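Thanks for coming, everyone. Let me put the structure up, and then I'll walk you through it.

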Amino acid sequence: MTIQFNDETFRDDYSFYNSDWAIKRFPFPFHEDSYMYAVNMEQHRGGPEGSVYEKRFDVDEHYVSEMRDRAMVLADDPLRCQSLPHMTLAGWDLLELIMVSKSEDYPDLFELHRDGNQWRWVNKPLGIDDTFTFLDETTLPYGPMEYITRQTQGDFCVLDQRDDMLWMDAGMVTTQADWSLDFDIGMNFFEWHAPVPLAHEKGIFKRALKFLLNIQQGAPARRLNWTMTVNPLLDTSPENYHIWGIQKTTLTPENIGSKQHLRVELQTFFRLPRSNALVFPIRCYLCSFQDLMTMPKWGRRLHRVVRDLPVELATYKGFIDNRPMMLDYLSQFDDGLPTSPGVWPDQETEPPLQK
Amino acid sequence: MSKFQFPESIKSRPVYGTLEPRPGKAHLFVADAEGAEAILDLAAASPDLMAGAHIIYIPKGTDFTEKLRDLNPAQFYEGPTYAASVQRLRHVLENAHQGLQVYLTGTEGLMGQAQNEAMQAGIPHTAIQTEHRGSVARRMQCVHCKGITEDVITDPFVCAHCGLNLFVRDHYSRRLAAYQGVCIDAEDPGNVPEPVELYK
Ligand code: HEM
């Protein structure tokens, strides 16, 4: 299908919205009625047609507006994009991976023409047509990682692999769930995950690291993570928390359906060929509670998950104070009926709300 | 006693040991305040070390200098501040021969910053030891304005640069040699709890 790109904002007047198409394909993260951290990883080899899992790098109706928002974040704070000196080759690897994937997966939107190291990249939605020399930084307006991630939705961490460990040595991070690249850069896998509750004790990070170290080129993996955000604010950074934090207190029983968003990250893992680095794209999808409630199964399930979530997780994810109001709202959409297994909305088979 | 047992913490928080004599021709000590006591203890156990020792010491208002001098280290330097001493430290590290042993002791801020210098100079981490002594004050980075506030002893505290009220996290960056400070009253402006001394 051809994508109609929304003209929308993720700040100030928050004109962001999801079309019916976007709601239907929203990556609802709960495959059952409860949630706990787990090593929830699977192969990233496509998925149902039209789903966010189908392509290597999903492009959707928010693409153009998200890239505009990223440019604004970077203009305000260039430290959101950093690459330690030894990571430039990995940046080229990433540029290649994205250009090849997008031009193959979306030939109507992106074109890549290669003649040896002379490359021409056409990005129609953003109106870009650039010719450059692959592996020659002087021929691009930014470093290779910054160049391509200014044109790709989602945050990117580029991890150097050495001493059987992953190191966060480069990244483009403007749509993060409240963590700072500038603070975390140079840390190893256990260090940057240090603030996460319960998961270290469960051995989750040890097992996850082992899995990641063994990811092979051409065999990417993926997982989902989620949190809650008041207003469709992409840039929930710690840097600006003193400015946006207050928005969490603006929820009321009247506006919660439209203001409260479930924030889901589709996280993928790709091995890069020349540098042997691992790239970790973190793609953020937002959906308001009221839009989620149009899927009866999701309504029933979200209520149960939020209700039963351990206090440690609700605190870490930053919505412990708003949980009671969320539950008042969500309980209206839970009639106690059982839900079908799996994340899909199952619109045809799940009964409408019996309330 | 200048030793403090830090409570268990998260994985980014550094852990410190006890300085031990290591074989080697050259021994570089970087210490502030009560860190002097760790050097005195080490020298009492292995007096031979001092013939190859270079001590860089920042007293921070304490009076251990004479005792350290009496150890007769090969070189002794007293600096008024860490910032004033860092050029000398870099010079020593850059001109170090293989096998240099590095001993860092005193406050967390001093050890963290000197450790960074040593790593950047290519000293293998196996040749660097740390021992915490004295103040449990922390070197804090404000995540909002990025300014560093030295010697923070209460939680919350006021950022020395932007003036926000920050709470003290255990999340620690070795690259910055600092803990992270985050606005405490963002969701309830003006509601700042009374500062409490760290670990109290
Ligand atoms: C190498 C790729 C990865 C990177 C760069 C990464 C990065 C991060 C970061 C920066 C955070 C926020 C920590 C904070 O509070 O400051 C986080 C949270 C977390 N990560 Fe990862 N991560 C990676 C892979 C994984 C994997 C494979 C797992 C699998 C179990 C995982 C599980 C988690 C969990 C459970 C959280 C807490 C999220 C929440 O409750 O909202 N991470 N990760």
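Start with one pair of residues. In β9(A), the bridge partner of A221(A) is F269(A). Further along, M228(A) has L262(A) as its bridge partner in β9(A).

A word on what you are seeing. This is a predicted model: local features need pLDDT of at least 70, side-chain atom pairs count only at pLDDT 80 or more, and totals for chains, interfaces and linings use all residues. Residues are numbered from 1 along each chain as its sequence is written, while chains are lettered from A and ligands numbered from 1 in the order in which they are written.

Some terms, quickly. Helices (H or I, at least four residues) and strands (E, at least two) are DSSP runs, numbered from the N terminus. Two strands pair if DSSP finds at least two bridges between them.

Back to β9(A). Strand β9 covers residues 260–271 of chain A and pairs with β8(A), antiparallel, over 10 bridges. To β10(A), residues 278–288, β9(A) is joined by nine bridges, again antiparallel. There, Q267(A) sits opposite I282(A) in β10(A). β9(A) and β10(A) make a hairpin with six residues between them. In that turn, N276(A) has a positive phi of about 60°.

Is β9(A) enclosed or open to the outside? Of its 12 residues, 11 are buried, so β9(A) is largely enclosed by the rest of the structure. Buried means 20 or more other C-beta atoms within 10 Å of the residue's own; exposed means 12 or fewer; partly exposed is in between; C-beta atoms are placed from the backbone.

Seven strands of chain A form an open, antiparallel sheet, in the order β1-β8-β9-β10-β6-β7-β2. At the edges stand β1 (42–43) and β2 (81–83), each with a single partner strand, so one side of each has no neighbour in the sheet.

Chain A overall. It has 13 helices and 10 strands. Its C-alpha trace spans about 65 × 45 × 40 Å along the principal axes. For 355 residues, a compact globule would have a radius of gyration near 20 Å, and chain A agrees, at 20 Å. That radius is taken over C-alpha atoms, and the globule rule is 2.2 Å times the number of residues to the power 0.38. Buried residues are 38% of the 355 in chain A.

Next, the ligand. Which residues are closest to the ligand? They are C157(A), W179(A), P195(A), A208(A) and F280(A), out of 24 that surround it. A residue is near a molecule or strand if its C-beta atom, placed from the backbone, lies within 6 Å of it. Chain A elements that each supply at least two shell residues include β6 (155–162), β7 (165–172) and α7 (204–213). By class, the shell has 18 nonpolar, three polar and three charged residues. Here Ala, Val, Leu, Ile, Met, Phe, Trp, Tyr, Cys and Pro count as nonpolar, Asp, Glu, Lys and Arg as charged, and the others, Gly among them, as polar.

On to the interface. 18 residues of chain A are in contact with 16 residues of chain B. Contact means C-beta atoms, placed from the backbone, within 7 Å. On the chain A side, α6 (189–192) and α8 (241–244) give two or more residues. That side divides into nine nonpolar, six polar and three charged residues.

Chain B has an open sheet too. Five strands run in the order β7-β6-β11-β10-β9, with mixed pairing. β7 (148–152) and β9 (157–158) of chain B are at the edges with a single partner strand each, so one side of each is left without a neighbour in the sheet. β10(B), residues 165–173, and β11(B), residues 178–183, pair antiparallel over five bridges. L166(B) stands opposite C183(B) in β11(B).

Last, some backbone details. From D155(B) to P156(B) the peptide bond is cis, with omega near 0°. P156(B) is in the loop between β8 (154–155) and β9 of chain B. L135(A) is not glycine, yet its phi is positive, near 75°. L135(A) has 15 C-beta neighbours inside 10 Å, so it counts as partly exposed. N72(B) also has a positive phi, near 55°. N72(B) is exposed, with 12 other C-beta atoms within 10 Å.

Note on methods:
Two residues are in contact if their C-beta atoms, placed from the backbone, lie within 7 Å.
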